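Please keep the sequence and the structure in view while reading.

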Amino acid sequence: MNDSARLPVAARTPLPESRLPHVGTTIFTVMSALAQEHGAVNLGQGFPDFDCDPRLVDAVTRAMRAGHNQYPPMAGVPALREAIAAKTEALYGHRYDPGSEVTVTAGATQAILTAILALVHPGDEVIVLEPCYDSYAPNIELAGGRVVRVPLVPGRFAPDFEAIAAALSPRTRMLLLNTPHNPSATVWHAEDMRRLAALLRDTDVLVLSDEVYEHMVYDVAHQSVARHPELAARSVVVSSFGKTFHVTGWKVGYAVAPAPLMAEFRKVHQFNVFTVNTPVQHGLAAFLADPAPYRDLPAFYAAKRDRFRTGLAGTGLRLLPSEGSYFQCVDYGGLDAHRGRSEAEFCRWLTTEAGVAAIPLSAFYDGGFEQRIVRFCYAKRDETLDLALQRLNARL
Ligand SMILES: Cc1ncc(COP(=O)(O)O)c(C=O)c1O
């Protein structure tokens, strides 16, 4: 035995510099923990508290029993890719080739990261429209890209095309858009899509269109970029079965894009997740044969939205429009007792004192822009919404 073998060895964990030094615990985790601690109704986190259609569970169970339990093809089970292509064509009039233009992903989250890693090079600029979903900026940073933040018009949350035009530069690689929009619940209209197409016409800017709430649009038709040929030609469109079929924990979504973009997407997908849960894919393919579940979704959620809005009408909260998604934003600036509070302070008060958790809009802005607006999620059972309303009406 030599000397060094006899000496106690201090185990040491080498820690490289963080790839994401600014990322910490999100407000969603903080508010959910607070909600649990205080027995608050959690209208903060964006997921349903009701179950999915039992026929979907049956379809997945059947797939498992039928032995669909090994790796599927890298891009996804062919029947599911065909079903996605057929649905997209039926709804938006654009045919994506299931062989080369559709890929099944582990939720929209993976699709967004994969698209960014595949298409954004170090030093490229990517425009995000704030407020925005929290994964976008860290994903761009991981790719070595530079996040260029352009605010949606405060209060209305409509795209500000002059500001977008001013943000475009020769280094702009991509623009990320999200309709229906989390957190504001606004949607893009046909005119917005036309203006975006005109703005990008003479550029090589790609679009990453996050359409996870595509089946939750209430008074107008959903404007997928897939409806607009000029935009479709430069876009990766992302959606989520988790959102559409009330199965957020299954983490299955998809991306569709023109073949040359999808080829690059698949290079990253192949060495990232490689493939996605086989029986769930078979189950979804069978379930998609009937369009009723997603066609009926707007009526289902519009009823919840209207119940929630009607119940809030007696409070001093000002309701912003909820045109799509399952979120309702409210402005508490009219409440003398609360207008001096920051959004995070108001959410803390709501959770600990009123017993209902919400999310501050400032959490969706870099640097925390304050406008006295907070977000509730109404994807909840009617009893849950009624309990929340009872508590809010008692205190506001
Ligand atoms: C705007 C937006 N994009 C993407 C996602 C992630 O979707 P998935 O659960 O399919 O990964 C969410 C989930 O909340 C979202 O709100």
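R318 has D331 in β10 as its bridge partner. The model is a predicted one, in which local features need pLDDT of at least 70, side-chain atom pairs count only at pLDDT 80 or more, and totals for chains, interfaces and linings use all residues. Residues are numbered from 1 along each chain as its sequence is written, and side-chain values use heavy atoms, with hydrogens and water left out.

Strands (E, at least two residues) and helices (H or I, at least four residues) are DSSP runs, numbered from the N terminus. Two strands pair if DSSP finds at least two bridges between them. Strands of a sheet pair through backbone hydrogen bonds, either parallel or antiparallel.

β9 and strand β10 (residues 327-331) run antiparallel and are joined by two bridges. They belong to an open sheet of four strands with antiparallel pairing, in the order β9-β10-β13-β12. At its edges stand β9 (318-319) and β12 (359-360), each of which pairs on one side only. Helix α14 packs on this sheet and touches β9, β10 and β13 (373-377), and its direction makes about 20° with that of β10. Contact here means heavy atoms within 4.5 Å. Axes are lines fitted to C-alpha atoms, for helices over the stretch in contact, and angles run from 0 to 180 degrees between N-to-C directions.

## The seven-stranded sheet

A second open sheet has seven strands in the order β2-β8-β7-β6-β5-β3-β4, with mixed pairing. β2 (102-105) and β4 (146-151) stand at the edges with a single partner strand each, so one side of each has no neighbour in the sheet. From one strand to the next, the twist averages 20°.

| Strands | Sense | Bridges | Residues opposite each other |
|---|---|---|---|
| β5 (residues 172-178) and β6 (residues 206-210) | parallel | five bridges | N178 and D210 |
| β3 (residues 125-130) and β5 | parallel | four bridges | V126 and M174 |

β5 is mostly covered, as six of its seven residues are buried. Buried means under 20% relative accessible area, exposed means over 50%, and partly exposed lies in between (1.4 Å probe, protein chains only). Helix α11 (residues 259-270) lies across β2, β6, β7 (235-240) and β8 (253-256), and runs at about 30° to β2.

## Packing between helices

Two packed helices are described by the angle between their axes and the distance between the axes. Angles under 35 degrees count as roughly parallel, over 145 as roughly antiparallel, 65 to 115 as roughly perpendicular and the rest as oblique.

Helix α5 (residues 107-119) packs with α11 at an angle of about 110°, their axes being 8 Å apart. α5 is therefore roughly perpendicular to α11. In this contact, Q110, A111, T114, A115, L117, A118 and L119 of α5 meet L261, E264, F265, V268 and H269 of α11. By class, these residues are eight nonpolar, three polar and one charged. Ala, Val, Leu, Ile, Met, Phe, Trp, Tyr, Cys and Pro count as nonpolar, Asp, Glu, Lys and Arg as charged, and the others, Gly among them, as polar.

The axes of helix α14 (residues 297-312) and helix α16 (residues 382-395) come within 9 Å and cross at roughly 15°. These two helices are therefore roughly parallel to each other. K304, R307, F308, G311 and L312 in α14 meet residues of α16, including D382, L385 and N393.

## Buried and exposed positions

Is R305 buried or exposed? R305, which lies in helix α14, is buried, with a relative accessible area of 10%. Not counting residues up to four places away in sequence, R305 touches Y218, D219, S322 and Y378.

Helix α12 (residues 278-287) is largely enclosed by the rest of the structure, because eight of its ten residues are buried. Its buried residues, among them V280, L284 and F287, pack against α3, α4, β2, α10 (241-244) and α13 (292-295).

By contrast, A66 is found in the loop between α3 (54-65) and α4 (78-92) and counts as exposed, at 54% relative accessibility. A66 and S325 are 259 residues apart in sequence and 35 Å apart in space, C-alpha to C-alpha.
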